[in-house]
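Me: I would like to learn how to read ring pairs and backbone angles in a model. Please take one feature at a time.

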Amino acid sequence: MSGIGVNLRVTGHCNQGGRKYMEDMFSVAYQQTEDFNDLEYAFFGIFDGHGGVEAATYAKEHLLDSIVQQKSFWSDNDDDVLHAIHEGYINTHQAMWKDQANWQRTQSGLPSTSGTTATVAFIMKSKIYVGHVGDSMLVLGYQDENDKSWKCLELTKEHKPECPEEIKRITKAGGKVVRKNGVPRVVWNRPKIGHKGPVRRSTAFDEIPFLAVARSLGDFWSYNSELDTFVVSPEPDVGVIEMDTAQHKCLIFGTDGLWNMLSAQDAVDIVHFTEVRNEQTEMAQSNNWINPSKCLVDEAIEKWRNSRTRADNTSVVTLLIDPPGPPPRPKTIKSEPGSACAADSSNRLSGDDNEPVLPQSGGRFSSYQVT
């Protein structure tokens, strides 16, 4: 297996918004073939942390390796690859649990409540393999034949506590969903303030409406020892889609800071607009190139501001699929998946003989079909 089968232009941008801490992260990485003339895969991931940055940092630094170390990842069978992605999520969650002792404890001295969404995609063999937990989202922009407009297809679904299937799963796991200020939240059975020592059946708890996400990596406070399961589940949705460079135009990874303000179609329209402008800029040999990821983040932050609501952390990674040409780049930049979110970056990733260039990183579905 070799070759990703497509050329990509990759950009990323993030904004802390009005929050005290920046807990969003993204990662971009690739694996070259042995002859260095092509790529085995390109990897993209976006992580929206909560309760501290520890879980998002751990996922960014370890999830990719946990997946590609699975023997089945290198299979030519799609089901095997999807199984590897699934196992990579579960193994990362379990390894993260062991590392929790090293994380900063809560103000009341309890173990860290850090967790993170994790939405990733591998581009390889002219396909997109997706893994997903949480309420970040991955959107495909595509164009029908004889239609100038771009349309949107959501490749992931939000794992929210109010979703009927999530309520059913949460209840079966011994959990509960309660509304707080109109927002459904998974309840944390937190030991009463002042509790010391191990948590036992006799321990007194407070029921705290806590988390507005139903699945994540981390959130070990949700572990139900009686049923040996997590109320906030690390089980990912996985899926695969065959790439069609004649139809498929872009992929947009965004944290909920973006999607709470923009619809999927809004986001695709903005990327389409910037691509048209950039093609015109290239033809005019101008340097006024526009970063589509920055445009998306800026638009979302402006809408947050107009809503008089404190803006959430907002991060975006955008892939232009088989674009006509890249903006000029002076040199190759190697990806560093463990580094922080890049504020503004753009590079071209090629599946041909060009040297690959990348920005520094900043349930199961059946195969998707665009109709």
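**Ring pairs and phi angles**

Reply: At 5% relative accessibility, Tyr41 counts as buried, because the cut-off for buried is under 20%. Keep in mind that this is a predicted model.

Me: How many aromatic pairs are there by the ring-centre rule?

Reply: Rings pair if their centres lie within 6.5 Å. The count here is 16 aromatic pairs. One of them joins Tyr41 and Trp74, with 6.0 Å centre to centre and 50° between the planes, so the pair is tilted. Tyr41 sits in strand β3 (residues 39–50), while Trp74 is in the loop between α1 (54–68) and α2 (78–99), 33 residues apart. Trp74 is partly exposed, at a relative accessible area of 37%.

Me: What is the geometry of the pair Trp188 and Trp221?

Reply: That pair is tilted, with 6.0 Å centre to centre and 50° between the planes. Trp188 belongs to strand β10 (residues 183–191), and Trp221 lies in the loop between β12 (217–218) and β13 (223–224). Both residues are buried.

Me: Which residues do ring pairs link into a cluster?

Reply: The cluster consists of Tyr41, Phe43, Phe73, Trp74 and Phe122.

Me: Where is Asp322 placed?

Reply: Asp322 is in the loop between β17 (314–321) and β18 (344–349). Its phi is also positive, near 50°, and Asp322 is partly exposed, with a relative accessible area of 36%.

Technical notes: Residues numbered from 1 in each chain as written. Predicted model: local features only at pLDDT ≥ 70, side-chain atom pairs only at ≥ 80, totals over all residues. Heavy atoms only, no water. Phe/Tyr/Trp six-rings, centres within 6.5 Å; stacked < 30°, edge-to-face > 60°. Helix = DSSP H or I, 4+ residues; strand = E, 2+ residues; numbered from the N terminus. Buried < 20%, exposed > 50% of the residue type's maximum accessible area, 1.4 Å probe, protein only.
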